[in-house]
Amino acid sequence: MYSATIYQLDSTPILKPITYKVELADQGKIIWQQNNCSTCHQIYGLGGYLGPDLTNIYSHPAGINYLKGIIRGGSKQMPEFKFTDSEMDALLEFLHSVDQSGTADPRNFTLHPNGNISPKVP
Amino acid sequence: MIRKIKKYPEALFLILASLLLGMALLSGVMAGLIYLFPNLFQHLGGFKMLRPWHVSSAVFWILTSASGLMMLALREIHPTRTVPGLIALQILLLLIGIFGVFYSYSIGDFGGREYWEFNPIWALPIGLAWCIHLLHFFTIVSVNQSWPVYYWMWMTGSVFFLFTFLENYLWMIPEIRQDLIRDMTIQWKVNGSLVGSWNQLIYGTAFYLMEKTSGNKELAKSRLSFLLYFLGLFNLMFNWGHHIYTLPTESYVRLIAYAVSMTEWIFLARIFYFWKQNIRSAKAQFPYFPYRFLMAADFWIFLSMAHAILISIPALNLFTHGTHVTVAHAMGTTIGINSMIILSGIYQLLPEANASTQIYPSYLRHSFWIAQGSLLVFWISLNGAGITKGIWMHSHSQISFSQLMTQSMPWFGAFVVSGTLLLLSLSTLVYFPILNYFKNSVKS
């Protein structure tokens, strides 16, 4: 029963109202997988450890253009990705959807004396 | 040689598995070196290719050897019921699938998910191979008899693996994929249950080996053995929740996950209770290599379980989730527990692998201790890198990620050096019985 609850739609509350394009974000998710981004990057702590967690990268203060620059130009360890404009838009929309779903920053949780945790109410 | 393979076709699983272990260790060291020298192996596809190569080789090492050892054990129990045609078909499908997976990686044709990054088309032969594995099990085993605990474990592991492997591809349905949190919850559930499934297969073999070593036929039918089986099954089904504490799911999911994880204290208490007894019998049987591997697995079960329980407490998990502490847990269980049991199985069950080795050469004894020591250093260095990142994640005046990686270099250096020693020692340990098998085949 417990394992089955995860298939119920209402068991996964979205914390913020949806403001992203669902279809475009879905295409972006496929691009994410096809380029094996998770081998280096994480989303909510799932993925590789060579690069930073990207759950909330979309709302990073440096902005979207900085993000595009890193993806296109690469960095010390990250290869360059020559995406078309539409592929780039889809990938960014996927990262937008991830950002909208919540926060992966552990500082946004409250620790309880019984060892449990709960997200801080914004 | 061909005559011998015809006689024991199950040995092909172990030969294939040993090659996969070699690849897993080599690609693991190469991927680790990229942490120190970022531009290394770019012509081979870099980290993007080497990490999935390493993970898939390790996963297939476990699956292929678990299947082969189960078949060899079943042949010992029911010498006339094995169907060579089914073994040949399963091997063929596995070879097609594994070749496809590595071909997929080598041309950069990804598309799958974490741990199964290859083009999903190659999941088909692997899934079919597993159907044959299951069919073969039920062909050999009679359902009308009282089963020892290892039959239940093999059956449970085989059925759940197939079920969870299919569940692993539910993301191909857009409605599932588009709900990020639900999709990630399923992904964590799948990852946890797949590990639980192959653990059942391997622990089943461990029970069979313990029965064989001790000569005590009641061991695998005792109430305690079945209690441990049911606890394992319970954990297989429900103990994935501690991976999703930080996901924005309902709070009851987190609470139940916490409660379920804490049932592992029962396992830990059992291990602690029998510890003295094990030490006493170990002194007498330790020179016998298959037993030595089981003792090593016992030590790693104790260490990994204590580690797992601690990181399953949500308040501690918040500091370790998404860090190398999780990798330390994975390496402790995969190498320390699963691989040690598999090695014990290969030494005991692979026909004639031990025929000329009543006294083991000294380099083999050294390799055993180098493997244990380097695994411990490897485990500590991964934990060190993870704790460094955990502290960084909670810091209010964070340095950049790049600076964090530079700060963690000593830990990365330690895990590359210990990983290299693991490559050399584990390769020696696994190829010794395999080469013996070939040598004795040439003689016969």
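**Close-up 1. S27(B) and the backbone oxygens beside its side chain.** In this predicted model, the backbone oxygen of M23(B) sits 2.6 Å from a polar atom of the S27(B) side chain. S27(B) belongs to helix α2 of chain B, which runs over residues 11-36. With a relative accessibility of 3%, S27(B) counts as buried. Leave out residues up to four places away in sequence, and S27(B) touches L50(B), W53(B) and H54(B).

**Close-up 2. Where chain A meets chain B.** Here 54 residues of chain A are in contact with 69 residues of chain B. About 5,400 Å² is buried between the two chains, and carbon and sulfur atoms give 61% of that area. As for charge pairs, the count between chain A and chain B is two salt bridges. D26(A) makes a salt bridge with R177(B), with the closest N and O atoms 2.6 Å apart. On the chain A side, α1 (22-34), β1 (42-43), β2 (46-47), α3 (85-101), β3 (109-111) and β4 (117-119) each supply at least two residues that touch chain B. The largest share of that side, seven residues, comes from α1(A).

**Close-up 3. P314(B) and its contacts in both chains.** P314(B) is in helix α13 of chain B, residues 314-320. At 0% relative accessibility, P314(B) counts as buried. Setting aside residues up to four places away in sequence, P314(B) touches G115(A), N116(A) and I117(A) from chain A, along with Y245(B) and Y258(B) from chain B. For a sense of scale, P314(B) and F230(B) are 84 residues apart in sequence, and their C-alpha atoms are 25 Å apart.

**Close-up 4. Two residues of chain A with positive phi.** Most residues other than glycine have a negative phi. N36(A) is not a glycine, yet has a positive phi of about 55°. You'll find N36(A) in the loop between α1 and β1 of chain A, and at 3% relative accessibility N36(A) counts as buried. Y44(A) also isn't a glycine, and its phi is positive, near 50°. The loop between β1 and β2 of chain A holds Y44(A), which is buried at 2% relative accessibility.

**Close-up 5. T205(B) in helix α8.** T205(B) is part of helix α8 of chain B, residues 180-214. T205(B) counts as buried, with 2% relative accessibility. Ignoring neighbours within four places in sequence, T205(B) is in contact with L69(B), M70(B) and W154(B).

**Close-up 6. Salt bridges within the chains.** Side chains of opposite charge can pair when their charged atoms come close. Over all chains, a search of the whole structure finds twelve salt bridges. One of them joins D105(A) and R107(A), whose closest N and O atoms are 2.9 Å apart. D105(A) is partly exposed at 21% relative accessible area, and R107(A) is partly exposed at 22%. In chain B, E10(B) and R75(B) meet in a salt bridge at 2.8 Å, N to O. E10(B) lies in the loop between α1 (2-7) and α2 and R75(B) in helix α3 (residues 46-77), so the pair ties together parts 65 residues apart in sequence. Both E10(B) and R75(B) are buried. K212(B) and E76(B) also meet in a salt bridge, with 2.9 Å from N to O. This pair links distant parts of the chain, with K212(B) in helix α8 and E76(B) in helix α3, 136 residues apart. K212(B) is partly exposed at 35% relative accessible area, and E76(B) is partly exposed at 35%. Finally, salt bridges that share partners join K29(A), R113(B) and D183(B) into one network.

**Close-up 7. A nonpolar patch on the surface of chain B.** F299(B), L376(B), I380(B) and W411(B) form this patch, with about 320 Å² of accessible area together. L376(B) is in helix α15 of chain B, residues 362-394. With a relative accessible area of 31%, L376(B) is partly exposed.

**Close-up 8. L92(B) and P125(B).** L92(B) is found in helix α4 of chain B, residues 84-106. L92(B) is partly exposed, at 48% relative accessible area. L92(B) and P125(B) are 33 residues apart in sequence, with 9.0 Å between their C-alpha atoms.

Key:
Residues are numbered from 1 along each chain as its sequence is written. Chains are lettered from A and ligands numbered from 1 in the order in which they are written. This is a predicted model: local features need pLDDT of at least 70, side-chain atom pairs count only at pLDDT 80 or more; totals for chains, interfaces and linings use all residues. Side-chain values use heavy atoms; hydrogens and water are left out. Helices (H or I, at least four residues) and strands (E, at least two) are DSSP runs, numbered from the N terminus. Buried means under 20% relative accessible area, exposed over 50%, partly exposed in between (1.4 Å probe, protein chains only). A polar contact is a pair of N or O atoms within 3.5 Å; within protein, one must be able to donate a hydrogen and the other to accept it, and residues adjacent in sequence count only if both atoms are side-chain atoms. Contact means heavy atoms within 4.5 Å. Patches are made of residues with over 30% relative accessible area and no salt bridge: like charges are joined within 9 Å, nonpolar side chains (Val, Leu, Ile, Met, Phe, Trp, Tyr) within 5 Å. Accessible areas come from the Shrake-Rupley method with a 1.4 Å probe; for residues, only the protein chains shown count as cover. A salt bridge is a side-chain nitrogen of Lys or Arg within 4 Å of a carboxyl oxygen of Asp or Glu. Buried area is the accessible area (1.4 Å probe) that two parts lose on being put together, summed over both.
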